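Here is a friendly walk through a protein model, feature by feature. Have the viewer open as you read.

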Amino acid sequence: MMNDYPWDHLVIDDFLPDDEYQKMVGDITTRKDYFRRQPKERVSEQGHSAQSDWINIAKRNNYIDQSFLEKHFGVTRPYGRLETTYNINYNKANFHEKIHIESEKKILIAVCYLHPEESSGTILHYPDKSVACEVEWKPNRCLIFAHQTDVTWHSYIVPDEDRMTFNTHLVLKR
């Protein structure tokens with residue numbers, strides 16, 4: 001169901017079939033040590049370079065495409081050819097992603113909460129950047145929105161346990 005507060009977005013629970021979700025989380029959590037060793041507080045593994053099962057799970061279960069965009073969000077702005085990209089974001093405990101807006105090349109953004117069981121979700125902001133609401137964290141919940149310049153401001157805070165999300169982006173093809 002479409003939410004319009006403070007801007008249009010979808011929240012879909014049980015985004016991946018349970019068996020696929022369990023496989024993806026299993027694959028990613030086995031690599032926690034790899035992520036933890038990285039010097040940055042935020043580590044992103046791009047799908048095109050992944051040598052693990054999660055990318056295959058993502059591709060098998062992808063329905064974030066141009067028809068999904070047009071069905072749920074209409075045409076938000078002119079764009080040419082689009083492609084789908086995938087990444088895993090691993091955020092270390094006590095990390096704070098400041099208020100930001102996605103790159104202009106990202107047309108549609110889907111963030112699926114993976115791990116841990118409890119964390120904080122995504123904070124949605126008004127165009128003036130004040131806090132509007134939070135999309136509550138729930139494993140296998142997906143937040144989906146179409147980029148809107150100076151509108152779709154958001155942020156998140158990682159409390160005391162590392163957090164992992166699986167992200168799908170519909171982007172302008174290079």
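Helices (H or I, at least four residues) and strands (E, at least two) are DSSP runs, numbered from the N terminus. This is a predicted model, where local features need pLDDT of at least 70, side-chain atom pairs count only at pLDDT 80 or more, and totals for chains, interfaces and linings use all residues. Residues are numbered from 1 along each chain as its sequence is written, and side-chain values use heavy atoms, with hydrogens and water left out.

**Backbone features**

Let us begin with the loops. Asp 14 sits in the loop between E2 and helix H1 (18–29), and its phi is positive, near 55 degrees, in a residue other than glycine. Buried means under 20% relative accessible area, exposed over 50%, and partly exposed in between (1.4 Å probe, protein chains only). Asp 14 counts as exposed at 57% relative accessibility. Asp 150 also has a positive phi, near 60 degrees; Asp 150 is found in the loop between E9 and strand E10 (154–157) and is partly exposed at 48%.

His 115 itself belongs to strand E6 and is buried, with 18% relative accessibility. Contact means heavy atoms within 4.5 Å. Beyond its neighbours within four places in sequence, His 115 touches several residues, including Val 25, Lys 32, Trp 137 and Glu 161.

**Helix H4**

Which residues of helix H4 (residues 66–73) are buried? They are Phe 68, Leu 69 and Phe 73. Seen down the axis of H4, these fall within an arc of 100 degrees, so they line one face of the helix; the arc is that of the directions from the helix axis to the C-beta atoms. Their cover includes strand E4 (82–91), strand E6 (106–115) and strand E11 (163–172). After H4 comes Gly 74, with a positive phi near 70 degrees.

**Aromatic pairs**

Rings of Phe, Tyr and Trp (its six-membered ring) pair if their centres lie within 6.5 Å; planes under 30 degrees apart count as stacked, over 60 as edge-to-face and the rest as tilted. The count by this rule is 7 aromatic pairs. One of them is the tilted pair of Tyr 63 and Phe 68, at 5.7 Å centre to centre with 55 degrees between the planes. Tyr 63 is partly exposed at 33%, whereas Phe 68 is buried at 8%. Ring pairs join Phe 15, Tyr 63 and Phe 68 into a cluster.

Tyr 113 and Trp 137 form a stacked pair, 4.5 Å centre to centre and 15 degrees between the planes. This pair links distant parts of the chain, 24 residues apart: Tyr 113 lies in strand E6, and Trp 137 in the loop between strand E8 (131–135) and E9. Tyr 113 is buried at 0%, and Trp 137 is buried at 5%.

**The cavity**

On a 1 Å grid over the protein atoms alone, a cavity is a set of points where a 1.4 Å probe fits but cannot get out; lining residues have an atom within 4 Å of a point. The model has 1 cavity of 30 Å³ or more. The largest cavity holds about 40 Å³ of space, a volume being the space filled by probe spheres set on the points, with grid points joined across faces, edges and corners. Its lining includes Phe 15, Tyr 63, Ile 64 and Phe 166.

Definitions and conventions:
On a 1 Å grid over the protein atoms alone, a cavity is a set of points where a 1.4 Å probe fits but cannot get out, and a pocket is an open set with protein on both sides within 12 Å along at least five of seven lines; lining residues have an atom within 4 Å of a point.
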